[in-house]
Amino acid sequence: MSESRGRSQGDTPEQPGGRWLSIDAACRILGVDQSTLRRWSDQGRIPVFRTPGGHRRYNEEDLRAFLRGETRPRRRMSRQVLTDLSFSGYEAGYLHQARSRPWYNAYDNAQIDELRTLGRRLVELAVRTIAGRGDRDQLLDEGRRIGRRYGSISAAAGLTAPDAVEAFLFFRTPVIQAVTRFIEEEDVPPNRALRIFAEMTQFLDQVLIATVAAHADAAD
């Protein structure tokens with residue numbers, strides 16, 4: 001349940017290697033309109049990544065290099081980029097949908113803040129799992145602990161078990177979309193793509209099971 005409250009579509013998350021900019025911010029740097037930048041991106045002249053919500057993001061260093069007339073190598077989708085794309089999935093439109101759900105409004109501000117922190121960590125764990133970074137058992141144990149905390153918080157907020165599951169699935173979606181984008185951008189071979197999805201599904205399913213179990217324990 002990751003939520004970046006206050007982050008708009010035009011925000012520019014920081015990461016090693018430069019800032020990621022919205023198309024509006026990128027156009028201001030280049031001094032062109034959006035149609036021109038889209039055309040250049042589609043022609044491969046300027047690297048572009050898309051968020052799980054379909055929004056274009058540009059790396060500031062790529063734009064500066066383009067202005068200097070330099071040709072930069074294609075930027076690979078690192079683990080950090082994949083994490084950033086997952087977080088960027090929680091954009092204003094997606095979060096607006098969440099706020100329209102009864103289960104979202106059952107949480108108080110303190111619970112929302114804790115869920116946001118836990119959610120960011122869960123995204124990082126999921127990405128590390130599919131990237132093969134770190135001990136899988138330890139990553140899964142921490143994921144289950146987060147799931148148990150999800151369940152107890154949801155029970156304390158008065159959510160039913162189906163509502164708790166719906167909330168988890170809702171906020172899981174951008175992570176899956178980001179991984180799908182990673183596979184598309186990197187042209188991942190089919191066998192590896194299947195392995196990535198299997199590992200991600202297994203990890204997130206275990207977190208969901210822990211969420212349901214903790215909710216049931218708290219409701220007893």
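Predicted model: local features only at pLDDT ≥ 70, side-chain atom pairs only at ≥ 80, totals over all residues.
## Basis

Local features need pLDDT of at least 70, and side-chain atom pairs count only at pLDDT 80 or more, while totals for chains, interfaces and linings use all residues. Residues are numbered from 1 along each chain as its sequence is written, and side-chain values use heavy atoms, without hydrogens and water.

## Helices α1 and α2

Helix α1 spans residues 23–30 and helix α2 residues 34–42. Helices are DSSP runs (H or I, at least four residues), numbered from the N terminus. The two axes come within 10 Å and cross at roughly 95 degrees. That makes α1 roughly perpendicular to α2 (65 to 115 degrees). Axes are lines fitted to C-alpha atoms over the stretch in contact, with angles from 0 to 180 degrees between N-to-C directions.

Ile-23, Asp-24, Ala-26, Cys-27 and Leu-30 of α1 meet Gln-34, Leu-37, Arg-38 and Trp-40 of α2 (heavy atoms within 4.5 Å).

## Salt bridges

The whole structure holds 11 salt bridges (a side-chain nitrogen of Lys or Arg within 4 Å of a carboxyl oxygen of Asp or Glu). Within helix α7 (residues 109–131), Arg-116 and Asp-113 lie 3 residues apart, about one turn. Their closest N and O atoms are 3.1 Å apart. Arg-116 is partly exposed at 24% relative accessible area (20% to 50%, with a 1.4 Å probe, protein chains only).

Glu-142 and Arg-121 pair at 2.7 Å, N to O. Glu-142 lies in helix α8 (residues 136–156) and Arg-121 in α7, so the bridge ties together parts 21 residues apart in sequence. Arg-121, Glu-124 and Glu-142 form a salt-bridge network.

Key
Helix = DSSP H or I, 4+ residues; strand = E, 2+ residues; numbered from the N terminus. Parallel < 35°, antiparallel > 145°, perpendicular 65-115°, else oblique.
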